[in-house]
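Okay everyone, thanks for coming. Let me put the model up, and then we'll walk through it piece by piece.

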Amino acid sequence: FMVDKGNHRHFMEKEIHEQPEVISHALGHYVNFATNSISPSATEIDFKDIPSLAISACGTAYLAGLVGKYWFERYARLPVEIDVASEFRYREMPLSPNQAALFISQSGETADTLASLRYCKENGLKIGAVVNVRESTIARESDAVYPILAGPEIGVASTKAFTCQLAVLASLAIGAGRARGTLSVAQEQELVRHLTEIPRIMAHVLNLIQPQMEQLSRDLSKCKDVLYLGRGTSYPLALEGALKLKEISYIHAEGYAAGELKHGPIALIDENMPVIVIAPYDRFFEKTVSNMQEVAARGGRIIFITDERGAAASKLPTMATITLPDVNEIIAPMIFSLPIQLLAYHTAVFMGTDVDQPRNLAKSVTVE
Ligand code: G6P
């Protein structure tokens, strides 16, 4: 069917702003709003007795899976093995039929992801697919299909599919936690209550930070290299921030686990390379701030993406501080996706690149 840009300059911008609405569709499928519990649609794979879960995907979908790993391990005490599909398919990983595997793909057609799925199927694993296109090959070949309900995503750089993948993975992890007895009913209700707040908070944040993101992008568009740092679930977000920026603005960007700063990237720090630190006020905050200190001590310019408590707690000088509302840890990855998407988007717009169709990239990679 026809999809148009509405009042937006690019599909990417439209898709960023659609997130509150599509996330609420996605949640509607996995969450019972009346009881604040996870719906049976999230527990199609029986997570109860499996020893571990394998996750495989490419690009942004892989980074959603990396956030999912933290959630499955924390809330369901389920060990997760995750790899990019192009490695996973050839690693000759020992697998056993009592394991389950999850494949995450917006299009449901990515060649490497499909090959990984077939490898797991041959080994007798139970297969789940987190997809946007329900009629896709990956969906068809899976035992359980978890639609992300993001609607058509046209911009090559994934935005709403990423946050919908996250919402679905969070729901699956909570459902797995209940099935495995690692979360109580009360804990499930508490986590689900936070999930249901995502659409409202996203809509608020999109309005709140828009002007600042546009202004900051002007400075970012003059840079040659940008470093993103994060810890915990903010680490995959740092990788996603760097991926988004390089994909559409062609500025060289790298994402690192904040604790790895000392093991390499610190050598690059000078006043020309902005360091974007993603740090909600969570149990990693102080650690990340000490990494930030190391950047500041070397004259690095910091763009600090944090929340109100984080902004109040850090006294370090920054080039800019983006202050989001305080949110629960489980929804922070979805909320903190917004500034990194907007920063990449507006930087690309300033640079005059083809935002929706960046050079050399394809929306769906069906060849190896
Ligand atoms: C391409 C797209 C990315 C996407 C990746 C995986 O590289 O440009 O945006 O994340 O493929 O695609 P999939 O459809 O499997 O999620």
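Helices (H or I, at least four residues) and strands (E, at least two) are DSSP runs, numbered from the N terminus. Axes are lines fitted to C-alpha atoms, for helices over the stretch in contact, and angles run from 0 to 180 degrees between N-to-C directions. Being in contact, for two residues, means that their C-beta atoms, placed from the backbone, lie within 7 Å.

Now, this is a predicted model: local features need pLDDT of at least 70, side-chain atom pairs count only at pLDDT 80 or more, and totals for chains, interfaces and linings use all residues. Residues are numbered from 1 along each chain as its sequence is written. pLDDT is the predictor's confidence in each residue, from 0 to 100. Here the protein's mean pLDDT is 95, with 99% of its residues at 70 or more. The ipTM is 0.97 and the pTM is 0.97.

Strands pair if DSSP finds at least two bridges between them.

What does α7 do on the helix side? The axes of α7 (residues 160–179) and α8 (residues 185–196) come within 10 Å and cross at roughly 170 degrees. On the α7 side the contact uses A167, A170, S171, I174 and R178, and on the α8 side E188, L191, V192 and L195.

Next, the other sheet. This open sheet has 5 strands in the order β9-β8-β10-β11-β12, again with parallel pairing. β9 (252–257) and β12 (320–324) stand at the edges with a single partner strand each, so one side of each has no neighbour in the sheet. Neighbouring strands here are turned by 15 degrees on average, direction ignored. Between β8 (residues 225–230) and β10 (residues 274–278), which run parallel, there are 4 bridges. L229 has V277 of β10 as its bridge partner. Helix α10 (residues 234–249) lies across β8, β9 and β10, at about 175 degrees to β9. Helix α13 (residues 332–351) lies across β10, β11 (301–307) and β12, at about 145 degrees to β12.

Last stop, the ligand. Of the 15 residues around it, G59, S105, Q106, S107 and T110 come nearest; being near means a C-beta atom, placed from the backbone, within 6 Å. Which helix gives the most to that shell? Helix α3 (residues 59–76), with 3 residues.
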